[in-house]
Every structure is written in structure tokens, then in C-alpha cells.
Amino acid sequence: MILLLAALEVSLSRRRLGTAVIASVARPAWADTSWAAGVYRDPNHPNGERRITVDGDVAKVVGVDDVGDKPWTLAARVTDDAITLQLQDGAVQPPDGVTIESIDEGPLARTFRGSFEPPNAILWPDGNRWTKK
């Protein structure tokens, strides 16, 4: 690591070196949002599924609680370690842990934030844990 930094210092200006070092420290290996994309099992709905699609930091969650149920859809935002669902009236029953916040400086909305649990799960504030199929 020291040799690498020394080589960078020789070839880059001090300002560019600082930027390069900060960028490598600030972003973990899985810093992109693709970790969230996939099909998940929800233990509260063993016959259903949760399908998350991701485009940059914008996500869509389509869920079915049981075989034959009508699917519901929620908009979401994804970071390198969390997903925030924007709850809509009538789409799903609000779980424990719902907060009120603004997403992208928009109007206040009910949200539900889950944390990435490597390597393949999302842990929700109500204790539920979705795992990728």
C-alpha cells in the first residue's frame, strides 16, 4: 500500500492524490446499488416473493404475499448499504418502524428503511429479514 501511494504521489499532483485516496476509502467494494436487485423470500409470507429492480439509486419493489394475490408495487431509493421504501396508502400494511421523511427533497412521506446484511439479505426495523432466493 505504501509503495502504491508513493507511486501515485510521483505521478499525480497533491490535490489529485488526495482525491484518489479519499475515493478509495469512502466507497466499500460493494458501493454500487446492485446488491439490492433480485428476488427475495419474506418469512412473514412464505408463499409470496419480493422482486427488487434497481436503476442507479432508484428501485422498484413488486411483492406478492401469497399465491394468487394481486401484486403490490412500491417506489424505493437504494444506497450502498440501505434501501428506503416509500409506502403508499393501501399498497401494504404499514409495519413497525415506519418513519416520516422526504425522499429527494420531495414532500414528506411514510418510509421504511432496511439495511443491507451481507452477503444476501435485507434487515428491516421490525425484525423481518428478507433473503435472496
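## Thr 84 and its surroundings

The side chains of Thr 84 and Arg 113 are joined by a polar contact of 3.0 Å. A polar contact is a pair of N or O atoms within 3.5 Å; within protein, one must be able to donate a hydrogen and the other to accept it, and residues adjacent in sequence count only if both atoms are side-chain atoms. Thr 84 lies in strand β5, residues 82-86. Strands (E, at least two residues) are DSSP runs, numbered from the N terminus.

Thr 84 has 8% relative accessibility, so Thr 84 counts as buried. Buried means under 20% relative accessible area, exposed over 50%, partly exposed in between (1.4 Å probe, protein chains only). Leaving out residues up to four places away in sequence, Thr 84 touches Ala 75, Ala 76, Arg 77, Ile 103, Thr 111, Phe 112 and Arg 113. Contact means heavy atoms within 4.5 Å.

## Model and confidence

This is a predicted model: local features need pLDDT of at least 70, side-chain atom pairs count only at pLDDT 80 or more, and totals for chains, interfaces and linings use all residues. Residues are numbered from 1 along each chain as its sequence is written, and side-chain values use heavy atoms, with hydrogens and water left out.

The protein has a mean pLDDT of 78. Of its residues, 73% reach 70 or more. Residues 1-30 have pLDDT below 50. Beyond near neighbours in sequence, this stretch has eleven contacts in the model. The term pLDDT is the predictor's confidence in each residue, from 0 to 100. Where pLDDT is low, the predicted coordinates should not be read in detail.

## Hairpin and cis proline

Strands β6 (residues 99-102) and β7 (residues 108-117) run antiparallel, joined by four bridges. Two strands pair if DSSP finds at least two bridges between them. Ser 102 has Leu 108 as its bridge partner in β7. Five residues lie between the strands of this hairpin, where Asp 104 takes a positive phi near 55°.

The peptide bond from Pro 118 to Pro 119 is cis, with omega near 5°. Pro 119 sits in the loop between β7 and β8 (121-123).

## Aromatic cluster

The whole structure holds four aromatic pairs. Rings of Phe, Tyr and Trp (its six-membered ring) pair if their centres lie within 6.5 Å; planes under 30 degrees apart count as stacked, over 60 as edge-to-face and the rest as tilted. Tyr 40 and Trp 130 form a tilted pair, 6.3 Å centre to centre with 50° between the planes. Tyr 40 is in strand β1 and Trp 130 in strand β9, 90 residues apart.

The rings of Phe 112 and Trp 124 have centres 5.2 Å apart and planes at 5°, so this pair is stacked. Phe 112 and Trp 124 are buried. Ring pairs link Tyr 40, Phe 112, Trp 124 and Trp 130 into a cluster.
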